[in-house]
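Here is my note on the model you sent over. Have the viewer open while you read, and go through the points in order.

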Amino acid sequence: MAAFVDRVVLFAAGGDGGNGCASVHREKFKPLGGPDGANGGNGGDVVLVVDPQTTTLLDYHHRPHRTAENGTQGKGDMRHGANGADVELKVPEGTVVRTRDGEVLADLMGAGTRLVIARGGQGGLGNAALASPKRKAPGFALLGEPGEEAEVVLELKSVADVALVGFPSAGKSSLIAAMSAARPKIADYPFTTLVPNLGVVQAGEERFTVADVPGLIPGASQGKGLGLEFLRHIERCAVLVHVLDCATLESQRDPISDLDAILAELEAYAPDLDIAGSDVPLLERPQLVALNKTDIPDGQDLADIVRPDLEARGYRVFEISSVSHAGLRQFSFALAELVAKVRAERPEPEAAPVVLRPRGRDEAEFSVKRVKTPDGEAYQVRGSKPERWVRQTDFANDEAVGYLADRLARIGVEEQLAKAGALPGDTVVIGDVQGGVVFDWEPTIATGAELLAPRGTDIRLDGPQRRTTGERREQYAARMASDAAARERLERERDLGVWADPDVEGDDS
């Protein structure tokens with residue numbers, strides 16, 4: 001089983017927001033206490049966090065799908081839903097985050113650096129938050145938004161001061177094992193090292209890290225021999241050491257030809273300019289040459305032959321042996337001197353500036369265009385607000401649908417549909433053609449709530465619910481005065497004979 005993974009594809013999904021609650025406060029002697037439905041909780045985020053103790057992406061190789069916790073639903077009596085917990089994914093320092101198309105999203109450097117790759121959905125508003133002077137008793141609430149889904153590529157680019165480069169079996173693993181406490185796998189066959197090895201070297205008062213990069217061969221810059229997988233670990237290294245094999249068993253190879261082949265691959269490789277440490281081309285960085293395996297008699301003879309040619313090219317050459325440790329002390333101090341010089345010339349790291357991208361004043365909130373669908377032509381409405389409002393709408397509630405229509409009309413969707421040529425009954429889709437909300441457009445929509453009163457109002461809440469004592473006394477006095485006036489009128493009519501029946505015999509009148 002692999003113990004080191006430096007490239008994975010991660011599928012992340014933020015938590016869904018909780019739905020809002022539609023509730024009416026109920027209390028004794030208070031039958032219409034008003035709306036008290038609370039908001040739903042927000043969904044959790046999926047966050048990448050740089051952890052110095054993490055050295056591989058192996059965990060995400062086995063578990064590439066990560067989902068944050070959903071927010072809970074709001075409840076009555078103004079009990080808000082709980083927010084979903086964030087999912088923090090620990091990654092090594094030097095992790096580059098890309099899209100599947102290769103665009104660099106972030107270069108994670110520094111312990112504790114965070115990057116949100118999938119945001120959680122916002123919780124829906126309850127009817128208490130939707131209440132207003134014109135909408136006193138909303139009978140609906142908004143649904144929670146779904147969380148974002150992201151598919152990103154994580155690439156680990158080793159962070160080291162010195163990179164050991166060379167052909168396979170040149171002795172790079174043996175060299176890093178002799179110079180540091182690292183214990184890489186060492187064998188007598190090519191490509192023993194399949195993953196980079198890091199070692200810490202102490203030379204006097206200077207401490208630096210060395211990366212043992214897997215062996216390179218001609219064509220590595222085009223991907224031959226997994227060269228691209230190996231070359232990206234050199235991008236952040238400030239100093240390059242060419243480890244040349246002076247005891248190779250291949251007759252067509254020698255240290256000079258090996259060096260020329262490696263230099264050609266380094267020159268052909270184009271590092272990412274968007275990540276830290278890649279602004280200087282590889283061949284313009286400080287370089288040393290280490291003639292390895294000089295403990296073998298033929299190796300020492302070959303080193304004596306090629307050393308003048310290498311020095312004539314301007315390289316500092318060190319004859320070393322990983323087995324006998326010959327020349328390693330001078331070699332280590334020379335590396336420490338170069339590393340110290342590079343560190344002194346390196347500018348102080350600055351905090352990344354906060355980039356604000358406010359939307360332009362004249363930028364349209366939505367767009368309307370005529371498109372073709374499998375069922376014919378339709379008018380498509382795209383925009384962050386309309387699409388978000390559609391996701392938040394409970395289409396089983398007529399009042400919620402009417403509220404959506406009011407919001408769309410308020411920002412001018414109906415006006416733009418009319419300008420685009422839409423007629424009553426035409427098909428309108430909000431969002432993607434395949435997964436959007438489709439309906440037949442009607443410029444005026446009457447819902448059940450509009451039959452009694454304006455949408456979102458309750459006529460029972462327009463007046464006071466209980467009369468005051470003074471009002472009851474006034475109404476009682478008015479009622480008694482009305483009754484007395486009625487009795488007096490009836491008596492007067494009786495005295496005048498208004499009620500007399502002329503057909504009744506014996507009537508003297």
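The points below start with the whole chain and then move to single sheets, helices and residues.

1. First things first: this is a predicted model. The mean pLDDT of the protein chain is 79, and 78% of its residues reach 70 or more. Among the elements, strand 3 (residues 65–67) has the highest mean pLDDT, at 95, while helix 11 (residues 448–452) has the lowest, at 44.

2. Which stretches should you treat with care? Over residues 351–355 the pLDDT is below 50, and beyond near neighbours in sequence this stretch has 0 contacts in the model. Residues 446–452 also have pLDDT below 50, but there the model shows 7 contacts beyond near neighbours in sequence. Where pLDDT is low, the predicted coordinates should not be read in detail.

3. Now the overall picture. The protein chain has 12 helices and 18 strands. Of its 509 residues, 42% count as buried. The chain exposes about 28,700 Å², and carbon and sulfur atoms supply 50% of that. If you take the contacts between residues at least 6 apart in sequence, 70% of them join residues at least 24 apart.

4. Where does the mixed pairing show up? Strand 2 (residues 46–50) runs antiparallel to strand 7, with 4 bridges joining them. Strand 2 and strand 4, on the other hand, run parallel and are joined by 5 bridges. You can check this at V47, which stands opposite E88 in strand 4 and opposite V116 in strand 7. Another pair to find is V49 and its bridge partner in strand 7, R114.

5. Stay with strand 2 for a moment: is it covered or open? It is mostly covered, with 5 of its 5 residues buried. V46, L48 and V50 point one way from the strand, V47 and V49 point the other way, and all are buried.

6. There is also an open sheet of 5 strands, in the order 3-1-8-5-6, again with mixed pairing. Its edge strands are strand 3 and strand 6 (104–108), each of which pairs on one side only. Here the twist averages 25° from one strand to the next. Strand 1 (residues 7–13) pairs with strand 3 in the parallel sense over 3 bridges, and A12 stands opposite R66 in strand 3.

7. Next, helix 8 (residues 384–391). Its buried residues are P386, E387, W389 and V390. Seen down the axis of helix 8, these buried residues fall within an arc of 160°, so they line one face of the helix. As background, an α-helix has 3.6 residues a turn, so residues three or four places apart point the same way. What do the buried residues of helix 8 pack against? Their partners are strand 16 (376–382), helix 9 (398–410), strand 17 (427–430) and strand 18 (437–440).

8. Is S332 buried or exposed? Its relative accessibility is 10%, so S332 counts as buried, the cut-off for buried being under 20%. Leaving out residues up to four places away in sequence, S332 touches M179, V201, A203 and F208.

9. Finally, two residues with backbone angles to look up. Most residues other than glycine have a negative phi. M78 is not a glycine, yet its phi is positive, about 55°. You'll find M78 in the loop between strand 3 and strand 4, where it is partly exposed, with a relative accessible area of 42%. K293 is not a glycine either, and has a positive phi of about 65°. K293 lies in the loop between strand 13 (287–292) and helix 6 (297–312). At 22% relative accessibility, K293 counts as partly exposed.

Methods:
Residues are numbered from 1 along each chain as its sequence is written. This is a predicted model: local features need pLDDT of at least 70, side-chain atom pairs count only at pLDDT 80 or more; totals for chains, interfaces and linings use all residues. Side-chain values use heavy atoms; hydrogens and water are left out. Two strands pair if DSSP finds at least two bridges between them. Helices (H or I, at least four residues) and strands (E, at least two) are DSSP runs, numbered from the N terminus. Buried means under 20% relative accessible area, exposed over 50%, partly exposed in between (1.4 Å probe, protein chains only). Contact means heavy atoms within 4.5 Å. Accessible areas come from the Shrake-Rupley method with a 1.4 Å probe; for residues, only the protein chains shown count as cover. pLDDT is the predictor's confidence in each residue, from 0 to 100. Axes are lines fitted to C-alpha atoms, for helices over the stretch in contact, and angles run from 0 to 180 degrees between N-to-C directions. The arc is that of the directions from the helix axis to the C-beta atoms.
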